[in-house]
Amino acid sequence: MKYKIEKNGNSVNFINDETKEKFDYIEFADKLYDGEQLEITNYGTLSEEEKKVIDQTVKELNALANPRKRKRIISQLDLE
């Protein structure tokens, strides 16, 4: 899944590179569950600090694309 980022004031939008549509949570969750990983192709006008935050978030989300990681997280949540 490839997305570019558009920043308008304080608002940040993720735009699908292929469809040019704004971020769709359900489509994203389905693809992530199927093992696809998120990639940012263009950060637009984000600052270096904002890019670091986005990169960390992408890293954490991509970890969820791994079925073993998901199962481990779900089992931890079940224990709580």
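I checked the length of helix α2, residues 48–63, first. At 1.5 Å a residue (times one less than the number of residues), its 16 residues should span 22 Å, and the end C-alpha atoms are 23 Å apart, which agrees. Helices here are DSSP runs of H or I, at least four residues, and strands are runs of E, at least two, numbered from the N terminus.

I noted that this is a predicted model, where local features need pLDDT of at least 70, side-chain atom pairs count only at pLDDT 80 or more, and totals for chains, interfaces and linings use all residues. Residues are numbered from 1 along each chain as its sequence is written, and side-chain values use heavy atoms, with hydrogens and water left out.

Which residues of α2 are buried? I found Ile54, Val58 and Asn62. Buried means under 20% relative accessible area, exposed over 50%, partly exposed in between (1.4 Å probe, protein chains only). Seen down the axis of α2, the buried residues fall within an arc of 70° (directions from the axis to the C-beta atoms), so they line one face of the helix. An α-helix has 3.6 residues a turn, so residues three or four places apart point the same way. On the other side of α2, I found Glu49, Lys52 and Lys59 exposed.

Next, the sheet. I read an open sheet of three strands, order β2-β1-β3, with mixed pairing. Strands pair if DSSP finds at least two bridges between them. β2 and β3 are the edge strands, each pairing on one side only. β1 and β3 run parallel, joined by three bridges.
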